[in-house]
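Please look over the sequence and the model below before reading on.

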Amino acid sequence: MFAWFNRISIQLNQPVDILPLVIFRVVFGLLMFFSMIRFMLKGWVSEFYIEPIYHFTYFGFDWIRPLPPTSMYAIFSVLTILSVMIAIGIFYRLSILSFFLLFTYVELIDKTYYLNHYYFVSVVSLLMITLPLHRKYSMDSYLFPRIRTDYVASWTLLSLRLMLTIVYVYAGIAKLTPDWMLNALPLRIWLPANAEVPIIGWLFDHLWVAYLMSWGGAFYDLTIPFFLLWRRTRPLAYLAVIIFHIMTALLFNIGVFPYVMIASTLIFFDGQDWRWLANKCRINLPPINSSPKRLSAHPLMLTFVALFFAWQLLMPLRHWLYPGNHLWTNEGYRFAWHVMLVEKNGTVSYRIEDPNSDDFWIVYPDAYLTPQQEHQMSFQADMILQFAHFLADKYQSECGCNPEVYADTYVSLNLRMGQALIDPTINLANTSISSIPSTWIVPLE
Amino acid sequence: MTHSFSRLLAITIVVLGIFLVQVESIQSQTFDREAMLEGMITETILPLHTTFAEQATTLSTTALDFQADPTPETLATLQSAWVETSIAYGHIEVYRFRRVMPFINQLNSIPPNIEFIEIYIDDNVSIDANLAASLGSQLKGLATLEYLIFTDDAISLLTGNEARMAYMSAIATDIKRVADELVVQWTLDAGGYGDRFLSADGEPNSVRSSISMLSNEMIAILEDVTSIGLGVPLGYENRGEVQPARVYAPYSNTTRDRLVANIEGFEMAFNGLDESPSLADYLDFLGAELDGEAMSTVINQNIETTITALDAIEQPVQIAVSEDNETVTIAYNNTLSLLRLVKTDMANQLGITVTFSDNDGD
């Protein structure tokens, strides 16, 4: 047992070329820079975090609130600057730590805007805090020459590759459902809407294309990290990465996610690959000076990384602890790499009753929410419950009572006929928000 | 081992191929969505706006006639023109796209700001077309005109006050101005909104985005009819106590007609007015079904049921909410059913984008 552990430890501490990590740092920083600029130019700082009068906070993070408008803009400006600092590698550890904290703070303000790739950015930036991505080709290595190194322990490279592998493989496993594999859902809904795309658009009116792309997508997710790991298939696999993600960028409204994945998967190329490419492009990279030596990390650091991956491996599986179809109940749906699995729509209204009289109100959420918030909450049970609590608080003063709040819901998942999502007889004002399985959600028929 | 694997692979490919061929036979035609969108504009949206503009022209003319010869007969003609214009407006209200909202907003802001209108009239401000154009939306438009010409003593108030008459006439003319501008906006190749609609305000994948934009507006009009048109007078935001004064058209007693016109406008947006493929045809093409029946048929049945339920409100809505509450409640429930069908089932079939921010596909 000890010998086995020892062997792994030696393997994880084998010296490897730092170049892939440096490239990852630079492309990550640049991508985040453009992403932040894009976010601000689109007016989303105001639309997402300033204009709404109510925010759907995450369970356990109710204390997180948006700051005043000027501060929100300041945060995004700082994030933009930090992205550049990460790319050029100046005060790297502080930059990436600050980036992680600020970015994650913004993401935790409102679950309306939850996107898998934002979560990816958060967890990768957390992981990057532990990695020595700044020890070559960076301002830090210029300012502090003692940190310069040509080699890093292999676990640093492997940890990023493992993170990418987790994302892809869990996304692939999540696709192994009857909806995706047997009914080509939701691609059969989304693809025909793209039939006017030049050159290949005509294909999307054909159902077999939706099936082929569903199966191809699942196969891609489940296998691509392994084809990228294997040197012989790596170039072709990366070409597949580019084609796959560019296609998703063209067909679906998924923002920078495709580019994040195209950039991130560069981590699968090792130093030898990059030096070969540089040589082909007639770029003279400085030769590696220091001789390889055994590197070791601080035990605390390694413990942190081990815990991080335990979390990453277990978190996406938690939906198995909940009864019912998690695509319907949303229990365990987020933070699990469930990407592009559902087309869901809903209509929600609330009936608020004064238990001491016949007084009642019927409230439509759009009176308080932005269109995007209203759309997202209309089919997500936990958000419907959260908003019921908001209404209970609001109408408490209106009626001078403890109002009862009932939700009238009608939700459709992946072409199924709409049905109630929330039991209309349950007083949601008395239903606590928790992570235990919900009894107030109507099972999918 | 390798031989077995190759055989298994070959069998798998053949089986999957047969499956895909079977699948393909289910859906093998194509649908010209660009033609659908262009047809929507040329055959439905533009004709409806043209009709509205014609009614607005009649309204403006009858207002001037009444101003020149204020008699009960000319007032009745003016009131009749107002009702026709209001119904024509009800038909176009579904097309409240963001970029035409500056025009739509000038047409029917409910309720009018009576206090300010009276101040304007009392101040004896010389009102002309330019001033009318610059007035705030709650000081003009159909709702304001309704207030001025439908009150019981309208004829005496108008004939006894030159400023009131001039105000009435100016805002009637202003309605025509806005209606004419909307026709220009929806005329293709005129650099107006119609061209922008086809390119979905420059959004990528414009066809998909334009269909989403139209669907969102269709949902919005049903939401308004349900929650504001019927829910508010029924008292659903007021402890369940009815609010007769909050109906769409309290002076002309034509609230029901306006609500019906809104549903008819929705129906025309859904089915189209002419030969071009419509949203209903598109749903048929997609094979959209509900409980084994074509979704387009189910939606049309619901539209019909909703209009019948609204038509069943025989008294003016402001009276019916108190005296025939059950009938109004039935109409509300019908519009809510139609709304659910469109906002949930139809949207699920079309994969509508609510806003154009990034998403996870969920």
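Which residues of helix H11 of chain A are buried? In this predicted model, the buried residues of H11(A) are Leu207(A), Trp208(A), Val209(A), Ala210(A), Tyr211(A), Met213(A), Ser214(A), Tyr220(A), Asp221(A), Ile224(A), Pro225(A) and Leu228(A). The helix covers residues 207-229, which makes 23 residues, and from its first C-alpha to its last it reaches 33 Å, close to the 33 Å expected at 1.5 Å a residue. Even so, H11(A) has a kink of about 50° at Thr223(A), shortly before the proline Pro225(A), and this proline is itself among the buried residues of the helix.

From this helix we can turn to a group of strands in chain A. Strand S3 of chain A, residues 344-353, has nine of its 10 residues buried, so it is largely enclosed by the rest of the structure. S3(A) pairs with strand S5 of chain A, residues 404-413, in the antiparallel sense over 10 bridges, and within this pairing Val348(A) stands opposite Thr409(A). S3(A) is also joined to strand S4 of chain A, residues 360-363, by four bridges, and these two strands again run antiparallel. Here Glu353(A) stands opposite Phe360(A) of S4(A), while a hairpin of six residues leads from S3(A) to S4(A).

Leaving aside residues up to four places away in sequence, Met218(B) touches Val94(B), Phe266(B), Ala269(B), Phe270(B) and Val342(B).

A contrasting case is Val15(B), which lies in helix H1 of chain B, residues 2-26. Val15(B) has 10 C-beta neighbours inside 10 Å and therefore counts as exposed, since the cut-off for an exposed residue is 12 or fewer. Its C-alpha atom is separated by 33 Å from that of Asp345(B), a residue 330 places away along the chain.

Finally, there is the meeting of the two chains, where 42 residues of chain B are in contact with 46 residues of chain A. On the side of chain B that touches chain A, H1, H2, helix H11 (206-231) and helix H16 (325-350) of chain B each supply at least two residues, and H16(B) gives the most, with eight residues. The residues on this side of chain B divide into 12 nonpolar, 16 polar and 14 charged.

Technical notes
Residues numbered from 1 in each chain as written. Chains lettered and ligands numbered in written order. Predicted model: local features only at pLDDT ≥ 70, side-chain atom pairs only at ≥ 80, totals over all residues. Contact = placed C-beta atoms within 7 Å. Buried ≥ 20, exposed ≤ 12 C-beta atoms within 10 Å, placed from the backbone. Pairing = 2+ DSSP bridges. Expected span 1.5 Å × (residues − 1). Bend = angle between axes of the 7 residues up to and from the residue. Nonpolar A, V, L, I, M, F, W, Y, C, P; charged D, E, K, R; others polar.
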